[in-house]
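My entries follow in the order I made them.

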Amino acid sequence: MIDIKHLKTIATLKETGSLVNTARELFLTQSALSHQIKDLENKLDCQLFERKTQPVRFTPQGMLLLELANDVLPKVEATKCRLKESLNQPISQLRLSVECHACFHWLLPTIKEFNNFWPDIKVDYERGFSYDAIPELLSDELDLVLTSDIREPEQVEYAHIFDFKLKLIVAPDHELAKKAYVTALDLKDETIISYPIPKERQDIFKHFIQNARFDGTLKTVDQGLLIFQLVSAGMGVAALPDWLVTPYESQGLIKSIPLGALGLSRPMYLAMKKNMKDNPVYRHFLNTCKQSVAR
C-alpha cells in the first residue's frame, strides 16, 4: 500500500517545505505530485498535511508516515550502497573538512554511525576546521566539505543537508535581551564575539549587517564554550546556529534573539566534486548526515 516513492515524497516535502519545491526536486509536475499525494491519502483514509501552510505543516498521521520514511529510506539507500559496492572503485578513506566550527556538535555522532556501516572506511577529519576548504577539494586534497557557502558551482556539487537559523545570543540582562528581534543598527556599537573566521566570511556580516555601519569590535576566540562564557558574562554578543544555542539558553545562561523580523536562515551543504556525486559511499555519508540532524 505504501511504496518507496510515497516515502520519498513525504521526506522531500518535509525537507523542501512546499509542494512546488517538492515537485521540482522529484522532477514531477505539480499536478502529478498532487495526484500522488491525494491517492495516498485516499488509500490511508487520512489527511497527511494541512493545505496552504508555509512551510508545510504535517498532521499527526503525516508525522507517523514521516517517521517511517526517516527509518526506511536510509536503510534502502544503505542496501543500494552495498549492492553497488562491488561495481565501484574501493574507497579506503574520506578526507573531510568543515567550514563551520559548530558542526562538530552533530558531525561526530554522524561519523560514528557511518563507520558502523562502513568499518573499513576511515573518515579523516584531522584537518578539522577551514574557513576556505573548496580549493583543497578541487585540488584533490579533500573529498568532502561541510559549508554554507556556494563557490565554484561549475566544478563542485553542493548537496543540501538542512537549513538552520542563526540566532544572536546575549547575556540575560543585556539591553537587547528584551527585544523581539534585532536589526543591524542595534549591533552598530556592540562587541561581536566569533570564531577566528575572516569578517567577510562571517554570516552575520555577509547576510545581516552587510553594508550597515559597524563601529563596534570583533573579538575572535577558538572555543565555542568560551564564546558562551564571554557572552553570559556580558562581554559581548555572538551569532550562532540554533542547535548550538538551545542547551545553553535552557539553562538560563544566555538569551537568544532572532536576527531580523523574519530571522536569518542559512543552508548547510555537503560539497564534493561533481564526478563523485553519484558515488554510493558519498551518498551514504550524505544520507547519514541528514538522518543525524533530523533526530
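**Entry 1: the largest pocket**

I began with the elements around the largest pocket. I found that α1 (4–16), α2 (19–25), α4 (60–85), β6 (156–170) and α10 (280–294) each supply at least two residues of its lining. I noted that this is a predicted model.

Which element gives the most to the lining of the largest pocket? I found α4, with 12 residues. The lining has 47 residues in total. A11, T12, E15, H160 and K290 lie nearest the pocket's centre. I read a volume of about 1,800 Å³ for the space inside.

I then sorted the lining by class. It holds 23 nonpolar, 16 charged and 8 polar residues. I also checked domains. Domain 1 (2–84) and domain 2 (91–160 + 265–292) each provide at least three lining residues.

**Entry 2: the nonpolar cores**

Next I looked up the largest nonpolar core. It has 63 residues, and W106, M268 and F285 touch the most other members. The largest share of this core comes from β6, which gives 8 residues. Why does this core lie between domain 2 (91–160 + 265–292) and domain 3 (162–263)? I wrote down that it lies between them because both domains give residues to it.

Setting aside neighbours within four places in sequence, I listed its contacts as L146, I161, F162, W243, M268, C289, S292 and V293. Another core, of 16 residues, lies apart from the largest one. L7, F58, A69 and L73 are among its members.

**Entry 3: helix α9**

I moved on to α9, residues 242–250. Its buried residues are W243, L244 and V245. I looked up what they pack against: α5 (104–117), β6, α8 (224–232), β9 (238–241), β10 (255–258) and β11 (264–273). After α9 comes G252, with a positive phi near 80°.

Most residues other than glycine have a negative phi, and most peptide bonds are trans.

Then I listed the exceptions I had found. The peptide bond from Q54 to P55 is cis, with omega near -5°. P55 sits in the loop between β1 (49–50) and β2 (57–58).

F27 is not a glycine, yet its phi is positive, about 60°. I placed F27 in the loop between α2 and α3 (30–44). D45, also not a glycine, has a positive phi of about 60°. I placed D45 in the loop between α3 and β1.

Are these residues buried or exposed? The cut-off for exposed is over 50% relative accessible area. F27 has 78% relative accessibility, so I marked F27 as exposed. D45 has 68%, so I marked D45 as exposed.

Key. Residues are numbered from 1 along each chain as its sequence is written. This is a predicted model: local features need pLDDT of at least 70, side-chain atom pairs count only at pLDDT 80 or more; totals for chains, interfaces and linings use all residues. Side-chain values use heavy atoms; hydrogens and water are left out. On a 1 Å grid over the protein atoms alone, a cavity is a set of points where a 1.4 Å probe fits but cannot get out, and a pocket is an open set with protein on both sides within 12 Å along at least five of seven lines; lining residues have an atom within 4 Å of a point. Grid points are joined across faces, edges and corners, and a volume is the space filled by probe spheres set on the points. Helices (H or I, at least four residues) and strands (E, at least two) are DSSP runs, numbered from the N terminus. Ala, Val, Leu, Ile, Met, Phe, Trp, Tyr, Cys and Pro count as nonpolar, Asp, Glu, Lys and Arg as charged, and the others, Gly among them, as polar. Domain bounds come from an automatic or database domain assignment. A nonpolar core is a set of buried Ala, Val, Leu, Ile, Met, Phe, Trp, Tyr and Cys residues joined through side-chain atoms within 4.5 Å. Buried means under 20% relative accessible area, exposed over 50%, partly exposed in between (1.4 Å probe, protein chains only). Contact means heavy atoms within 4.5 Å.
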